[in-house]
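The following exercises are to be worked with the sequence and the coordinates at hand. Each task is followed by a stepwise solution.

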Amino acid sequence: MNRRRFLGISALSPLAAMAVTGTIPARAAGHSFGFAADGSAFLLDGKPFQIRSGEMHPARIPVEYWRHRIRMAKAMGMNTIALYIMWNYLEEQEGVFDFTTDRRDFEGFIKLCQQEDMWVLLRPGPYVCGEWDLGGIPSYLLRNADIKLRVKSADDPHYLAAVRRYFDQLIPRVRPLMIGNGGPILMIQIENEYGSYGNDPGYPAEIRQLWVDGGIDGPFYTEDGLDQVRSNHSNVSGGAIALSGGNASAIAEARKAFPAVPAMAGEVYPGWLTHWGDATFQGADSDISADLKAFMEQGLSFNIYVIHGGTSFGFFAGANADNSSGNYQPDITSYDYCAPITEQGVATDRYRTYRNIIGSHLTTPLPDIPEPIPTLPAETFTPEPYASVWDNLPAALPADQTDDPRPFEMYGQNFGFALYRKPLTGYTGATLDIRWVHDYATVFLNGRYAGGFSRARIPDELSIGLNVTNNNEPLTLRDPGSTGSEPVLDILVEGMGRTNFGHAMVDRKGILETVSLRNAGPLTGWQVFLLPMDEPYIAGLTPTVSDPGRPGLFFAATVTLTTVADTYLDMSGWTKGFVYVNDRNLGRYWTIGPQRRLFCPGPWLREGENRIIVFDLHQTEAKPITFAPTLS
């Protein structure tokens, strides 16, 4: 079954010096990789080769820690790193690509893998799933009202034209890194788990052809559950078969069904993904020891998904949603995944167990486990009110764009918040009905908090306490009384993660259709203010709080450090929002848990003063924040 159906370090420190250099060692020259003629094995330089792969995603790991995490995987017995490339992280705005800034330099990450004598399985999409916003597909595509995703060009020209533009940028960067050109990439995955989405073999074939047209003719492979690949034809001509949730017996079944090409366990799950509102972090009881023993005893190839998860910093955590009922489930910020290597890069007990299993079947000893990265000592501080979103509104959009409320994407915004404002002539109290809020809204009448909407279900005690309706149920508004002017309705909408799996992926954010007052019909003539809440917006805040009793406040603290190291910010006293450290967005916190601490990498701190800003949707009084050494 497909897995997503289960519903103090300074810039000059030695660790920072382990970051990307640009070289590829000469030892790579002359290698070849392919498949045995009878499909019985992968071949490296003509000899059978066992792929022992651990997956990690450079977009989720601070650049300064890339080499450390690669070495951690190598010390557990891996000889290969599998990685997703998140398209929407490289092309956030249509036609504007960034392959160099921060964690986007996938070429540098792959070169580090080669410097550490590790091979690479490249998983570039265009769709990756990965509990990442929209599965890695850029949200600007959702501006097209009738867009179809993950289809061939004859079914939607917008989608494949964008994919082709992405591949035109990608292929020249990947080609020198292929094994036949002296690089470490053994195979390229074609799309991802397409058999769990569609059954048109023409689509993966068209994706494959884009690579061939660009001068890369393989080796290729596909990833899917065995039942999906058999029934929905998601494999490609000449491509190996990788199995989601695969084990030794599934590999044997795949060899019977597809005898011409090798098969491997493409996603072996040592943990699991966690949604906001789950009772606890998922996957803590998982144990892949038996599978690893079988792989090692039989010489079968495998990829551990994930060996190290990292963090979905900023707004990039995705979501699941049921195709028919909705049942929207946004993913937490941490991608710890209960993996053998924690979010902070620590070897767990299971890491050592798996290392012993793998090492006992190898003829050469494994390298030592890298030293753990330091953490800050506990320290508690309390920020103070600093700014208000209401005092930091940009100019409203032109009136010709805002007669009816529209989703973020129609205004060209990918992430963050939008404020929808409307004066209510003759209003004396009514029931507010929004179709639909994606995904969380706070509502104000004449500047006073009136309640909210949540697409994701939150506990009754919290929803009642905050007067937030679950699943977009209507909200009763009270008569504001005599104010001497028209009442003003403000709806501040937060877009959370876009659905990254299934047929509900066209998941626009903001207000999708209409806002109505019961017995009065839809409201028109809105003002709309776009609030991306990105780093430039945070850096440019005007420090003004004209109404300290109105939720929607930024709180700030300056924390002075004599040394820097990793830490977690414990946000247990706060309700719902984001934390920015030195203008970097650590991600979302939410009192419904189970995550209540946000990972702050040491390289993002600095000796001396550090500026920490919290934006909370509900709180008007600050609460203490504590540095903690672990996720929980």
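**Exercise 1.** Determine the helix and strand content of residues 553-610 and the distance between the end C-alpha atoms.

*Solution.* Step 1: assign secondary structure from DSSP runs, with helices being H or I of at least four residues and strands E of at least two, numbered from the N terminus. Step 2: the segment is then 0% helix and 57% strand. Step 3: its end C-alpha atoms are 20 Å apart. Step 4: an unreviewed UniProt entry annotates residues 553-610 as "domain: Beta-galactosidase galactose-binding"; such annotations may be inferred rather than shown by experiment, and are given here in the numbering used, with shortened feature names.

The model is predicted: local features need pLDDT of at least 70 and side-chain atom pairs pLDDT 80 or more, whereas totals for chains, interfaces and linings use all residues. Residues are numbered from 1 along each chain as its sequence is written, and side-chain values use heavy atoms, leaving out hydrogens and water.

**Exercise 2.** Locate Trp574 and state whether this residue is buried or exposed.

*Solution.* Step 1: Trp574 sits in the loop joining β27 (567-570) and β28 (576-581). Step 2: apply the thresholds, namely buried under 20% relative accessible area, exposed over 50% and partly exposed in between (1.4 Å probe, protein chains only). Step 3: Trp574 has 1% relative accessibility and therefore counts as buried. Step 4: list the contacts (heavy atoms within 4.5 Å); leaving aside residues up to four places away in sequence, the partners of Trp574 include Pro383, Phe555, Tyr589 and Ile625. Step 5: Arg596 is 22 residues from Trp574 in sequence, and their C-alpha atoms are 9.0 Å apart.

**Exercise 3.** Which residues carry the UniProt feature "active site", and where do they lie?

*Solution.* Step 1: the unreviewed entry places the feature at Glu193 and Glu267. Step 2: these span 75 residues in sequence, yet no two of their C-alpha atoms are more than 10.8 Å apart, so they gather at one spot. Step 3: Glu193 belongs to the loop between β7 (185-189) and α6 (202-213), whereas Glu267 is part of strand β10 (residues 263-268). Step 4: Glu193 is buried because its relative accessible area is 1%; Glu267 is buried at 0%.

**Exercise 4.** Compare the radius of gyration of the protein with the globule rule.

*Solution.* Step 1: the rule is 2.2 Å times the number of residues to the power 0.38, the radius being taken over C-alpha atoms. Step 2: for 632 residues, a compact globule would have a radius near 26 Å; the protein has 25 Å, which agrees.
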